[in-house]
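Morning, everyone. Please bring up the structure, and I will walk you through a few places in it.

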Amino acid sequence: MKKRLLLILLFAVVMQTSAQYFQTGQDPASIHWRQLQSKNFQLIYPDYFEKQALQLAGKLETVYPYGSFSLKHNPQKFPVVLHTQTIQSNGLVAWAPKRAEFYTTPHQAIYPQDWLEQLALHEFRHIVQIDKVNSNLPRWAKFLLGEQVTALVFGAYLPWWFIEGDAVVTETALSNYGRGRHPSFLMEHRAQVVEKGTFSYDKAYLGSYRDFVPNHYKLGYYLAGNIRARHGSQIWENVLTRTGQKPLSVFPMRQVLKEQTGRNIAKNYHSVFDSLKKVWDRQDLLYESVPNKIQTEKGKFYTSYLYNYFVNDSVLVSFKTAFNEIPSFVEIRKNKQEKKIIFPGTIFSESVSYKDEWIVWSEQIPDLRWQHSGRSLLRLYHINSQRRMELKPEFKAFSPALSPDKTKIAVVEADFSSNFYLSVYQLPDGILLHRFQTPANNYFFSPEWIGPGSVAAIILSNEGKRLVSVDFETDEMKVLLDREMGDMKQLRLSGDWLYFISSWSGKNSLYRFHLKTQGVERVYEPRFGVEFPAVSPCGERIVMSDYTADGFRLMEIPATHGNVASLNDVPPASYPLAESLASQEIGIPFFSDSADVGYPTEEYRKVPHLFNLHSWAPVFIETDDYEFFPGVSLMSQNSLGTSETVLGYKWDLTEKTGRFIADYSFKGWYPVFDLKLTHGARASEYNQIQQTVNNQGDVIRQDTSLLRYTWGQTTAGLNARLPLQIGKGPFSRVFQPEVQYGFNFYKHHDSTPEQFVEGSFHSLAYRVYFHQLLRQSYLDVYPDFGIVLDGSFRHSPAGTLRAGNLKALQTVLYLPGFMKNHGVKIYAGAQEKETNGTLGFNDVVRYARGWGRINTTATYTGGADYKMPLLYPDWNFWDFLYVRRIKASLYGDYTRLKGNFYRNGNITSTFSEDISSAGIELTADVNFLRFYAPANIGFRSSYLPEMKSVYFDFLFSIDFTSF
């Protein structure tokens with residue numbers, strides 16, 4: 001048991017080392033920041049966002065007593081950073097340093113509640129969770145590690161399904177909506193359990209390459225919500241209390257669950273989903289479908305068809321996503337044959353439409369430099385002629401709709417101040433023709449043209465989503481359907497009927513609204529859920545994306561059939577779990593109560609907030625490669641993510657020497673600056689020959705002894721780099737030039753040999769890096785196409801010593817393999833350097849794998865890898881190991897080495913040698929101890945022909961990007 005605890009803490013420390021420098025990115029340097037102080041929050045925001053920040057502060061203060069009630073904890077004052085220019089819609093809470101980050105622009109798939117209210121409910125619950133753990137930690141733990149001990153314990157002991165599931169439970173229980181009342185969120189587990197049964201706990205939590213597994217938010221809602229509904233809200237309060245009070249305990253959640261439910265985590269999971277399966281199977285037996293026709297073949301892996309459209313009565317266009325393919329628009333004919341049309345870039349959710357043979361979508365374009373910025377690009381593609389058009393809207397734009405005459409395009413827009421518009425741009429020149437905003441600044445969804453100058457759309461009001469029409473000629477809005485319909489989306493016009501998807505009945509079903517009579521009918525009730533209706537030109541056929549456990553398939557039904565029902569005959573949805581959870585709370589917060597409170601505001605100056613010392617450790621941590629050494633570390637990171645510092649002392653166990661280290665990185669300007677200073681002793685060994693002579697001077701014995709020596713070394717380095725993202729379409733492109741200055745000073749100690757260098761040298765390095773990589777599918781081991789170019793030059797222009805120079809060029813080419821998801825990687829590198837044999841730059845170009853390094857003047861390497869997935873086993877070995885995928889790689893390397901032999905600093909001769917290797921790597925994607933971050937573990941076997949020997953290497957890495 002102690003060994004198991006040691007492994008858990010080891011993984012937790014490694015995780016925290018990464019989380020310590022968890023970076024979401026930086027905002028543009030031009031932003032002027034302000035801050036406000038409410039009773040329980042500090043909001044940091046751009047100066048133009050002050051009105052909205054004041055409103056958000058009021059919402060957070062309103063949520064405060066409600067969101068903390070069931071956990072019986074009132075958190076301390078918490079900083080919240082608002083990112084207003086990002087193209088993402090998200091929120092997060094982090095610790096070490098502690099802060100929340102809100103991405104303020106809503107997306108098109110949100111449920112019917114104000115976006116900032118959604119963030120306030122969900123993210124505040126995370127604040128309560130982690131602050132409760134922190135408040136219960138013993139003082140010795142905080143004294144030993146600072147803030148990072150809280151993140152370490154929180155991340156090590158609490159599964160992500162609980163962390164996110166409890167927050168989804170809270171947003172559901174404290175509102176009239178929430179994802180617990182959102183069929184799009186709920187249907188995936190229902191379909192999986194009904195069609196495939198209940199997966200093992202490890203598979204349900206840690207995922208699979210073989211089957212689609214709903215994410216930990218959805219698992220967490222069902223699991224955390226049902227356990228809480230069965231055993232009371234205090235169960236999770238007890239888990240968090242135990243986690244904080246006993247940071248060295250083994251599995252505090254398991255202990256609490258065992259005490260209060262009689263079951264461990266896995267048994268609770270099966271108990272919950274066995275009960276759900278009985279309910280869902282019984283409901284499935286009662287389901288009656290209308291006659292339908294399936295338009296797509298079942299894929300080998302999880303495959304979905306979205307954003308559907310009839311080009312004509314015999315041809316469909318859809319957006320296809322799959323585990324084993326990158327997303328693409330495809331053409332589908334009556335015989336189910338598919339033809340790929342185009343591979344787009346990253347599309348905003350619910351932001352694709354069609355008109356005749358034109359496809360139009362809104363694509364995310366990252367900012368050249370700033371991760372918390374970006375823009376929208378409206379892209380149009382003609383299916384037959386392959387003609388392309390692009391339009392750059394003024395603001396972030398979603399859900400484009402092409403007018404019937406194809407001369408205008410309507411879009412939903414949001415500016416940096418969260419002003420929401422329905423805008424019309426002229427084609428092809430992109431001139432703004434109209435911009436409409438409601439007096440209440442309602443957010444718009446799914447515009448659909450219903451006349452030459454008018455569109456139908458859905459707006460988000462205080463009462464929920466409503467169907468409206470907007471006349472751009474008169475600048476007027478009219479409410480078409482003023483009644484509760486749950487989540488409404490995806491408007492499609494056919495004749496006088498406006499089709500849409502609604503969650504009114506508890507499933508995403510197809511409805512239609514008659515523009516003249518204003519009657520509403522339910523056209524189709526699905527087994528699990530449908531999306532993206534397309535009506536044929538003749539108006540007689542409807543194709544929808546019908547959800548199954550293997551993805552959204554295309555289903556066709558007649559537009560008129562015997563099961564069409566009036567809305568008045570369709571009972572509204574009931575959500576028993578959500579209502580049970582709501583009954584455990586003190587009520588629903590009324591957000592307008594404190595929306596207009598005038599909290600004090602002031603300028604947030606960047607320079608005084610560059611340093612924020614938050615954590616320390618009784619070890620020195622190499623943050624680049626996650627290695628640990630005896631010593632001490634002090635860590636600082638500011639709230640804006642622009643300044644990071646590590647100060648420490650490192651004791652090298654191998655050399656038995658220590659040195660002081662200071663690392664600093666500043667990311668607040670267009671170039672990124674990295675500064676590193678080290679000072680201390682280094683050590684090595686050398687062979688000394690001792691001879692014993694007789695009286696005649698003859699050598700009678702000769703001994704070789706290994707002597708240790710030390711020297712003093714001081715280094716300084718300043719690196720300036722410009723990481724530029726040039727993303728567009730299906731390719732990721734990065735261009736990064738950089739310049740680095742280095743200083744090295746070597747000082748003799750008493751034990752230092754005379755021939756060892758002493759003095760200083762200055763170095764300059766210049767590097768240009770570029771890559772263009774095609775997006776990978778979920779199952780791809782490499783991109784199907786990509787190229788990497790990396791060129792560098794280093795020299796030492798000044799100092800009492802000279803390190804010569806080094807020039808190198810490396811390139812990597814990615815190509816598809818013989819079978820889908822296989823991949824080929826071809827490497828080539830050339831390096832030449834001048835050196836005096838004692839001092840030189842480190843090699844850049846790699847050697848053939850399996851070989852050690854020697855001092856050379858030239859290195860030329862070529863290599864090729866063929867990598868393939870072998871199995872997707874989903875094996876779990878108790879709670880210790882879960883294996884999701886096994887991969888194999890065949891490789892071959894060849895290197896030519898050229899160099900000099902030296903004697904007393906002079907070149908005596910030269911050499912040229914060829915070395916090579918070939919072998920196999922066998923690795924597995926696994927999770928240890930149900931730790932959420934996946935690991936890659938395996939071995940490499942290398943055959944070295946020149947030595948006629950075989951070498952083995954152990955391979956291990958952890959991917960923290962999965963969090």
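Predicted model: local features only at pLDDT ≥ 70, side-chain atom pairs only at ≥ 80, totals over all residues.

Take one of them. Phe939 sits in strand E48. Is Phe939 buried or partly exposed? Its relative accessibility is 35%, so Phe939 counts as partly exposed.

Now the aromatic rings. How many aromatic pairs does a search of the whole structure find? The search turns up 55. Here is one: the ring centres of Phe41 and Tyr64 are 6.3 Å apart and the planes stand at 85 degrees, so this pair is edge-to-face. Phe41 belongs to strand E2 (residues 41-46) and Tyr64 to helix H2 (residues 50-67), so the pair ties together parts that lie 23 residues apart in sequence. Both partners are inside. Phe41 is buried at 0% relative accessible area, and Tyr64 is buried at 10%.

Next pair. Tyr443 and Phe445 have ring centres 4.9 Å apart and planes at 85 degrees, so they too are edge-to-face. Tyr443 is buried, with 3% relative accessible area. Phe445 is buried as well, at 2%.

Rings also gather in groups. One aromatic cluster holds Phe185, Tyr201, Tyr205, Tyr221, Tyr222, Tyr269, Phe273, Trp280 and Tyr932.

Arg254 lies over the face of Phe251, 4.7 Å from the ring centre. The charged end of Arg846 is over the ring of Tyr827, at 4.3 Å from its centre.

Last stop: strand E5, residues 99-103. Why do we call E5 largely enclosed by the rest of the structure? Because 5 of its 5 residues are buried. Arg99, Glu101 and Tyr103 point one way from E5, while Ala100 and Phe102 point the other way.

What pairs with E5? Strand E3 (residues 78-83) does, in the parallel sense, over 4 bridges. There, Val80 stands opposite Ala100. Strand E4 (residues 91-94) is joined to E5 by 4 bridges, and these two run antiparallel. Ala94 has Arg99 as its bridge partner in E5. E4 and E5 make a hairpin with 4 residues between them. In that turn, Ala96 has a positive phi of about 70 degrees.

Note on methods: Residues numbered from 1 in each chain as written. Heavy atoms only, no water. Buried < 20%, exposed > 50% of the residue type's maximum accessible area, 1.4 Å probe, protein only. Phe/Tyr/Trp six-rings, centres within 6.5 Å; stacked < 30°, edge-to-face > 60°. Lys NZ or Arg CZ within 6 Å of the ring centre and 35° of its normal. Pairing = 2+ DSSP bridges.
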